[in-house]
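Visitor: I'd like to learn how to read helices in a model. Can you walk me through it?

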Amino acid sequence: MDKKFYLVREDVLPEAMKKVLAAKELIERKKVDSVADAVQLVDVSRSVFYKYRDAVFPFHTMVREQIITLFFHLEDRSGTLSKLLSVVAAANCNVLTIHQTIPLQGRANVTLSISTSEMTMTIDELLSQLKQLPFVEKVEILGSGA
């Protein structure tokens, strides 16, 4: 029997499914030692966890993107590229290509293609960390693919 899949916004998911997703993330990131620890932390029963664990998935795990291209608009300061690459490396991403424009009027554009196959966080978490860097004026996803 073929399974149908639906893309559903998080705010309309039942609370139990949200908690199962949170428990699965704790397990995947090795923040807990067991399913029992995970379900206790997110306050959901083991029976609910086992009921939904193979039925509900974060969108990023279904997409399975392996390569992503990011565009940055940066202030031209000493060491900015190095700090940016440190955040990418800390997420366990592999930089495949780097293109940086010549700085004009104190600003430079950088395009990074990275492999996310070993990434230790979600793409949204990585983007959030990159946006918090004081010299990053803009970051966006240009493209992604396998």
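Predicted model: local features only at pLDDT ≥ 70, side-chain atom pairs only at ≥ 80, totals over all residues.

Visitor: Okay. Which residues of helix α2 are buried?

Guide: General idea first: an α-helix has 3.6 residues a turn, so residues three or four places apart point the same way. Now look at α2, residues 35-42: its buried residues are Val-35, Ala-38, Val-39 and Val-42. Because they span an arc of only 90° around the axis, they sit on the same side of α2.

Visitor: And which exposed residues are on the face turned away from the buried side of α2?

Guide: That face carries Gln-40 and Leu-41.

Visitor: What covers the buried residues of α2?

Guide: The cover includes α1 (15-28) and α3 (46-52).

Visitor: How about two helices together? What is the angle between α5 and α6?

Guide: Two packed helices are described by the angle between their axes and the distance between the axes. Here α5 (residues 80-90) packs with α6 (residues 123-131) at about 155°, and the axes are 10 Å apart. Angles over 145 degrees count as roughly antiparallel, so that is what α5 is to α6. The crossing of α5 past α6 is right-handed.

Visitor: Which residues make that contact?

Guide: From α5 you have Leu-84, Val-87 and Val-88, and from α6 Leu-126, Gln-129 and Leu-130. Sorted by type, the contact has 5 nonpolar residues, 1 polar and no charged.

Key. Residues numbered from 1 in each chain as written. Heavy atoms only, no water. Buried < 20%, exposed > 50% of the residue type's maximum accessible area, 1.4 Å probe, protein only. Helix = DSSP H or I, 4+ residues; strand = E, 2+ residues; numbered from the N terminus. Arc of directions from axis to C-beta. Contact = heavy atoms within 4.5 Å. Axes fitted to C-alpha atoms, helices over the stretch in contact; angles between N-to-C directions. Parallel < 35°, antiparallel > 145°, perpendicular 65-115°, else oblique. Left-handed = near helix turned anticlockwise from the far one by under 90°. Nonpolar A, V, L, I, M, F, W, Y, C, P; charged D, E, K, R; others polar.
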